[in-house]
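Colleague: I am new to this structure. Please take me through some of the terms used for it.

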Amino acid sequence: MNKLPRGHKKLLHAWAFYDWANSVYSLVISSAIFPIFYGALTIVKDEDGTILNDTVDFFGISFNNDSLISYVTAAAFLVVSILSPFLSGIADYVGNKKSFLKFFCYLGALSCIGLFWFSLEHLWLGLLCYFLALIGFWASLVFYNSYLPDIAFPNQQDKVSAKGFSLGYIGSVILLVICLLMILNYETFGFESEALPTRLSFVLTGVWWIGFSQYTYIYLPKGNKKAAFTKNVLFNGFRELRGIWITLKHNIQLKRYLAAFFVYSMAVQTIMLVATYFGIEELEWGEQDATTGLIISILLIQLVAVVGATLTSRLALKFGNIKILIFINLIWIAICGYAFFIVSPQQFYVAAASVGLVMGGIQSLSRSTYSKMLPENAIDTASYFSFYDVAEKIGIVIGMFLYGIVAQITGSVRNSILFLVIFFIAGVILLLRVPIKRTV
């Protein structure tokens with residue numbers, strides 16, 4: 001197939017469609033079904049729903065169940081942050097970004113399928129699949145995001161970035177609804193209990209991810225080939241990151257924006273990763289089924305996020321990216337303060353709708369803002385986005401470890417959520433220091 005030119009509608013749609021393919025991981029594994037499944041396996045409750053035991057033995061050590069999954073999550077993000085410079089440097093140097101995108105797509109999707117066998121008897125195997133699925137998802141995004149300045153002109157990037165997130169939210173909701181119908185109506189589908197359809201949801205996630213990503217691979221270019229692979233290329237990514245770090249001294253706007261992004265993204269990503277665990281342990285569900293309530297709240301987040309991503313891109317065109325990012329951070333501060341006091345499902349739904357509105361917006365706008373700040377003559381876009389992703393992942397590592405430590409010490413994830421307000425406040429202060437130019 002002939003290579004499509006930069007800015008071509010079919011190329012832009014094919015790029016954005018990868019969000020449709022991979023976002024099912026974010027919803028089914030990170031946010032919805034797997035956290036509920038993990039909680040059901042690791043939490044012992046009495047008939048009234050009171051938690052009797054939420055500790056897990058892992059290699060002879062007793063962990064709070066939330067702390068254990070947060071530590072595994074943080075460890076996976078640490079691996080991603082270390083791998084990214086190696087991978088992006090290789091991809092930029094030999095021009096095969098698409099090959100790396102495919103590899104990590106398949107690693108993540110197959111690991112999702114492996115979660116079908118998750119059990120307390122073989123906890124190490126289940127956590128390994130969870131660990132590898134997370135690495136596959138986030139490492140693939142290094143290469144996926146790096147395509148944005150290659151396939152879209154600056155005036156298209158906000159819109160196509162928002163389109164990607166919107167497609168991701170819609171596609172992931174469709175699969176979640178399918179999985180939910182199987183789980184809640186298991187007898188109709190011939191299952192003996194909710195256990196098998198829940199595990200099949202992990203299989204469907206992997207199949208969906210692999211299947212729909214093929215459309216993206218048809219149209220995305222292989223990359224900008226420079227030279228053949230040699231052993232010196234292995235550390236090329238670190239050399240390029242060092243070069244980018246040096247160039248930041250002369251690009252005050254990008255340097256200050258990255259500092260702000262590092263801080264507020266730490267809080268955003270942590271909240272998104274732990275929201276369901278918060279709902280499982282901190283809410284008084286009463287006679288209402290907690291699983292159904294949590295799924296409803298997650299669906300609400302996803303659907304509202306579509307509106308949030310689109311609305312944010314339009315507001316950014318009118319008022320500028322930085323001003324809208326500041327405004328969204330202020331909303332996050334209010335949400336965290338509100339979440340500290342919620343106890344009922346109804347209050348959780350209000351918080352979920354609010355999170356959805358700003359979640360899509362801050363992710364989409366952060367990505368496109370960074371893209372627009374890159375030097376116009378930048379060729380090694382994978383390395384630039386690796387720098388962006390490394391900053392994000394290190395922030396998540398810190399955020400998840402702090403979340404786990406605060407939860408372990410205080411015995412409540414409620415305190416951990418409130419603690420994250422500090423990072424949103426710092427994010428606002430740092431964004432105010434970013435010089436505003438015409439493009440942002």
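Colleague: How much space lies in the largest cavity?

Modeller: About 800 Å³. This is a predicted model, where local features need pLDDT of at least 70, side-chain atom pairs count only at pLDDT 80 or more, and totals for chains, interfaces and linings use all residues. Residues are numbered from 1 along each chain as its sequence is written, and side-chain values use heavy atoms, without hydrogens and water.

Colleague: What makes a set of points a cavity?

Modeller: On a 1 Å grid over the protein atoms alone, a 1.4 Å probe fits there but cannot get out. By this rule there are 4 cavities of 30 Å³ or more.

Colleague: Which residues that line the largest cavity are closest to its centre?

Modeller: V268, Q269, M272, M359 and Q363, out of 46 lining residues (an atom within 4 Å of a point). Helix 10 (252–282) gives the most to this lining, with 11 residues. Helices here are DSSP runs (H or I, at least four residues), numbered from the N terminus.

Colleague: Why are helix 1 and helix 5 called roughly antiparallel?

Modeller: Helix 1 (residues 9–31) and helix 5 (residues 123–146) pack at an angle of about 165°. Angles over 145 degrees count as roughly antiparallel, so this pair is roughly antiparallel. Their axes, lines fitted to C-alpha atoms over the stretch in contact, are 11 Å apart.

Colleague: Which residues of helix 1 and helix 5 make the contact?

Modeller: Contact means heavy atoms within 4.5 Å. Among the residues that make it are W15 and Y25 of helix 1 and F137 and Y144 of helix 5.

How values were computed: Axes fitted to C-alpha atoms, helices over the stretch in contact; angles between N-to-C directions. Helix = DSSP H or I, 4+ residues; strand = E, 2+ residues; numbered from the N terminus. Parallel < 35°, antiparallel > 145°, perpendicular 65-115°, else oblique. 1 Å grid on protein atoms, 1.4 Å probe; cavity = no way out; pocket = protein on both sides within 12 Å on 5 of 7 lines; lining within 4 Å. Points joined across faces, edges and corners; volume = space filled by probe spheres on them.
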